[in-house]
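This report describes selected features of one structure, taken part by part. Please keep the sequence and the 3D view at hand while reading.

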Amino acid sequence: MKVMKFGGSSVANASNIENVVEIIRRAAEEGPCVVVLSAMQGTTDDLIETGRAAERGDDGFIARLDEIRDRHQAAIESLFTDGDETDIAEYVDSIVQELGSITEGIRRVRELTPKTLDRILSFGEIASSKIVSAKLAADGIDNEWHDSRLLIKTDSHHGFAAVDLTESSRLIKEKIAASRTRLHIVPGFVASDGEGYTTTLGRGGSDYTAAIFAAALDADILEIWTDVSGMMTADPRFVRSVRQIPRINYREAMELSHFGAKVIYPPTIQPVMAKEIPVRIKNTFAPDDEGTLIEAATAADGEMIRGITSIDNICVLSLEGSGMVGIPGFSKRLFDALSRAEINVILITQSSSEHSICVAIEEKHSELAKRVVDREFEYEIGAGKIEPLKVESGFSILALVGDRMKEHTGVSGKMFSTLGHNGINIHAIAQGSSERNISAVISSKDVRKAVNTLHEEFFSDGRKQINLFIVGVGTVGSRLLEQLRQQHEYLLDDLRLNVRVVGLANSKRLVFDEEGIDLNDWRSRLSGDGGDAVPSAKTAEVIIQQNLRNSVFADVTADAGIVEMYRPLLEKSVSVIACNKIAASSGYENYAALKMLAREYNANFLFETNVGAGLPVINTLNDLMRSGDRINRIEAVLSGTLNFVFNNYDGSRPFAEVVRQAQDEGYTEPDPRLDLSGTDVARKILILAREAGHRLEMTDVENIPFLPASCFEGSVEDFYAEMAKNEAHFREELDKAAAIGKKLKYIASLVNGKASVGLQSIGPEHDFANLSGKDNAVLFYTNRYSEQPLVVKGAGAGADVTAAGVFADIIRAARS
């Protein structure tokens, strides 16, 4: 014997009913079946509203009844050929007329009792099951329709009647045994009390009807046919890489369903669970899919975690006070007060100090809960023994479910550290001694991110998705995008990183695409007139609002305004990669605050390219410090621009022409004066000094200028003109060095906590003497490298190497 239940979406219209009839036909060929049917999708809600409208005296209930009738008649007309539909069409008309009489009576007395509402609601399941039964008969498939109100007996608690399972089982067995057909059609959800009045079984009532029949008949299997192919590891609305769960045990299914997985309603499968009858969740619209098998026990070699689920619209009640400590009965009184008000408690947690107890309930009951609990503890609140009940809204419960969690250590730690790394704050935690469920109360706005984050951690193939936002698409930014495009497959296959550029901004606008911006077409997206762009000033706002997991923000600009975004982003656990030097070289308090925020919120604040473009200068310094070494002295050529200029200035060409070449080849800042004034180098040595542990400000860096003061007046073109006028000055500096066999180098140094930058003459024996082109070099003299310094040397300027440095920081943040 097989029992099959079809939900409202399965019988929503004629086309869907055709699918259902074909599925039933196949099943009936294999053996005896009982088919339980829900009302057509939306009918139950419409019937409730019809009754409520009549109770209000709103004549709109008549039009709604017409809509209900028309929906059913339209299905009948499509399903049956001429003449076949007469009986069923007349039957539906007759019960709609009966509904009309009932609702007219409600309108007159302006009262809708639960008993009358049950009678109204019974129309949906009775009508749909009658239509399916008639269609099967019209197609030559022998079947018998049974009125479940005569077979399932309940008490008189209308709206959520309790079933007399013993009596119902007896009636079902007798009825099915007396029938001569192998196929039985019954309406779900409806039953009757001892006096024969219609009752309903409440939420999940049709599933319950099917489970009652399956248990009574000792069925081989119960199939629940719906619009999804079984239970999933997470909500598909949140997680795109969701997996189907092939097998799951009753306990796990109950936990997942209780915490939001709506495929089944836990109480309704109790009858089959008691008899260990397997349940299979199937898809009406993909009947060949295997679906999910729910059974008494599953193989021990299955997944440690079965699924991740959540409940929204939760509020948290906190009862606190020193008067609770050591005094028995407070918990009992709290739960009694909530129970009397018919408020269901979803989650409970209590501190071991007994100073507070916290429970989670549905948000819609928050005001009632506040009233009844404060009334219960009125004396204690007045005496100052406890505080008035604290009610906090805007929460959701996140649950990790799996029977095998108890066999593995560290699951809770992994869950909480994963959430914490993504800036998701946990408000309350609960875990039963069965270790089958770990639940956490979190802010509702973080649910989507939390479910995705945990699903990636526990169910992914090892690939980590990085959601990257880039501001700045100039020379360096565009090279970075090209490198990301070229390396995408390598990152995916070798590093298991799926780096998706989801946000891209220039100075005017930001485009966002959660699916990832096509890096072959980013220019048209950014310059287009589409409606998917917002002002770039709102970049941080968009990132925070989107609240995506593993978010990384890369600033490839020199814009002080963008730096203002760092703080709010770090506070939301968004890692910040700064090619922009302004933040790390700003006031020490701001620099230290950003570093602290990164630590506090488990984010990264990385700025390797601030000093040596793609050279691992800051990372080398950090590694030395972390390993216990001490930095005693740093000497460095930190400007690829200045090194290029002084390597190429030999007196054969004017100094201004060499600088112009450096700018044309992309070595300088947009305003070359930042390089030639020494300001840029001063920023770099300041950053190194701070990373070495020194509390320095920009004003503490001694900057010995080599340009005449007149060069800094006016525009960039004025600057070039003024350099041309002062060619004799530059030639003099060059000749003085050459006269004693030395070269000019612009050197930054940090000695005993004192930082300076300036033009120096160095001999051929110096470590910097052979630096060519745009090379940079940094010498670290430490306790361990006291005589022979640790040298970091290489290209220190250029769009490609700088982009590579930013790229490396992105990967570093992604893998942390």
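## A buried asparagine

Asn610 has a relative accessible area of 0% and is therefore buried. The model is a predicted one. Asn610 belongs to helix α21, which runs over residues 609–612. Leaving aside residues up to four places away in sequence, Asn610 touches Ala578, Cys579, Asn580, Lys581, Ala584, Lys684 and Ile687.

## Helix α3

Helix α3 covers residues 60–79, 20 residues in total. At 1.5 Å a residue it should span 28 Å, and its end C-alpha atoms are 29 Å apart, which agrees.

Which residues of α3 are buried? They are Phe61, Leu65, Ile68, His72, Gln73, Ala75, Ile76 and Leu79. These residues cover an arc of only 155 degrees around the axis, so they lie on the same side of α3. An α-helix has 3.6 residues a turn, so residues three or four places apart point the same way. Glu77 and Ser78, on the other side of α3, are exposed. The cover over the buried residues of α3 includes α1 (14–30), α2 (43–56), α4 (86–109) and α5 (114–138).

## Aromatic rings

There are 14 aromatic pairs in the structure. In one of them, the ring centres of Phe469 and Phe512 are 6.1 Å apart and the planes stand at 10 degrees, so this pair is stacked. Phe469 is in strand β17 (residues 464–471) and Phe512 is in strand β19 (residues 509–512), so the pair ties together parts that are 43 residues apart in sequence. Phe469 and Phe512 are both buried.

One aromatic cluster is formed by Phe646, Tyr649, Phe655, Phe706, Phe730 and Tyr746.

## Charges over rings

Lys130 lies over the face of Tyr91, 5.0 Å from the ring centre. Arg660 lies over the face of Tyr720, at 3.8 Å from the ring centre.

## Positive phi angles

Most residues other than glycine have a negative phi. Phe189 has a positive phi, near 80 degrees, and is not a glycine. Phe189 sits in the loop between β4 (183–187) and β5 (190–192). Its relative accessibility is 10%, so Phe189 counts as buried.

Ser573, also not a glycine, has a positive phi of about 65 degrees. The loop between α19 (566–570) and β22 (575–578) contains Ser573. Is Ser573 buried or exposed? With a relative accessible area of 9%, Ser573 is buried, because buried means under 20% relative accessible area.

How values were computed:
Residues numbered from 1 in each chain as written. Predicted model: local features only at pLDDT ≥ 70, side-chain atom pairs only at ≥ 80, totals over all residues. Heavy atoms only, no water. Helix = DSSP H or I, 4+ residues; strand = E, 2+ residues; numbered from the N terminus. Buried < 20%, exposed > 50% of the residue type's maximum accessible area, 1.4 Å probe, protein only. Contact = heavy atoms within 4.5 Å. Phe/Tyr/Trp six-rings, centres within 6.5 Å; stacked < 30°, edge-to-face > 60°. Lys NZ or Arg CZ within 6 Å of the ring centre and 35° of its normal. Expected span 1.5 Å × (residues − 1). Arc of directions from axis to C-beta.
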